[in-house]
Amino acid sequence: MALTKKRKVAITKVDKNKVYSLKDASALVKEINCTKFDSSVDLHIRLGVDPKKADQQVRGTVSLPHGTGRTKKVLVLCTPDKEAAAKEAGADFVGLDEFITKIEGGWVEVDVIIATPAVMPKIGKLGKVLGPRNLMPNPKTGTVTNDVAAAVNEVKGGKIAFKVDKTGIVHASIGRVSFSPEKIAENSAELINAIIKLKPSSAKGIYLKGISMASTMSPGIALDTKSLIN
């Protein structure tokens, strides 16, 4: 694919041999944006872990101080007595059997699925559909809970879930290019600090091997991991 003029200019502004401070990267990612729409700003964090080992799985949630800049569609799977609370909290879809049937048919037009513990036995069979899309409710990410209202509020307020992939990298969106550099930096720091706190005790050597910041279709900006750890 041929590079656009904007993409070519953006590439010249990023020094591939340099690692940037979080402050400088947060300003630069806005400057090199190549799209006409409000692009997502993402972090790609390479960890010194072996994802194949159960005790080195890194996953969790974090509430970004400035949100993600994107309203997430939330589905709550629950018993009838919890439906009113979920709807009042702002859930986009609420129910159970009808949505299980829709998901079995391939419907996954949501960003987050929250479920109550009581309905998890019914949802288990959806693992093949929801698992690969990271949509399966999980107690570790706060998406299996009896307090569905609080869970919906957290997701709508900027709570994101993250998980290391099979290559040892965490990919996460931490905002939009329309955010100020300060907001991008603060959201990034919140995610990075959460991941640092989750370092497995069995992981040896360098934990934060590399962090890259990029917006949609922009070149990546390498961050100075040493300064972030300190």
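This is a predicted model: local features need pLDDT of at least 70, side-chain atom pairs count only at pLDDT 80 or more; totals for chains, interfaces and linings use all residues.
Let me begin with helix α2, residues 22-31, in which Leu22, Ala25, Ser26, Leu28 and Val29 are buried, where buried means under 20% relative accessible area, exposed over 50% and partly exposed in between, with a 1.4 Å probe and protein chains only. Helices here are DSSP runs of H or I with at least four residues, strands are runs of E with at least two, and both are numbered from the N terminus.

Residues are numbered from 1 along each chain as its sequence is written, and side-chain values use heavy atoms, with hydrogens and water left out.

What do the buried residues of α2 pack against? Their partners are α1 (5-13), β1 (40-47), α8 (181-197), β8 (208-215), β9 (221-222) and α9 (225-229), and contact means heavy atoms within 4.5 Å.

Let us take α8 from that list. The helices α2 and α8 pack at an angle of about 125°, with their axes 8 Å apart; axes are lines fitted to C-alpha atoms, for helices over the stretch in contact, and angles run from 0 to 180 degrees between N-to-C directions. The two helices are therefore oblique to each other, since angles under 35 degrees count as roughly parallel, over 145 as roughly antiparallel, 65 to 115 as roughly perpendicular and the rest as oblique. On the α2 side, Leu22, Ser26, Ala27, Val29 and Lys30 meet Pro181, Ile184, Ala185, Ser188 and Ala189 of α8. Sorted by class, this contact has seven nonpolar, two polar and one charged residues, where Ala, Val, Leu, Ile, Met, Phe, Trp, Tyr, Cys and Pro count as nonpolar, Asp, Glu, Lys and Arg as charged, and the others, Gly among them, as polar.

Now to the sheet beside these helices. Four strands form an open sheet in the order β7-β1-β8-β9, with antiparallel pairing, and two strands are said to pair if DSSP finds at least two bridges between them. The edge strands, β7 and β9, each pair on one side only. Helix α2 packs on this sheet, touching β1, β8 and β9, and its direction makes about 25° with that of β8. Helix α8, for its part, lies across β1, β7 and β8, running at about 25° to β1.

Seven bridges join β7 to β1 in the antiparallel sense; Leu43 has Ala172 as its bridge partner in β7, and Val41 has Gly175.

There is also an open sheet of three strands, in the order β4-β3-β5, with parallel pairing. Its edge strands are β4 (93-95) and β5 (112-115), each pairing on one side only. Strand β3, residues 74-77, pairs with β5 over four bridges, and the partner of Val76 in β5 is Ile114.

Finally, consider helix α3, residues 80-89, and helix α7, residues 148-156, which pack at an angle of about 20° with their axes 8 Å apart. That makes α3 roughly parallel to α7. Here Lys82, Ala85, Ala86 and Ala89 of α3 meet Val148, Ala149, Val152 and Asn153 of α7, and by class this contact has six nonpolar, one polar and one charged residues.
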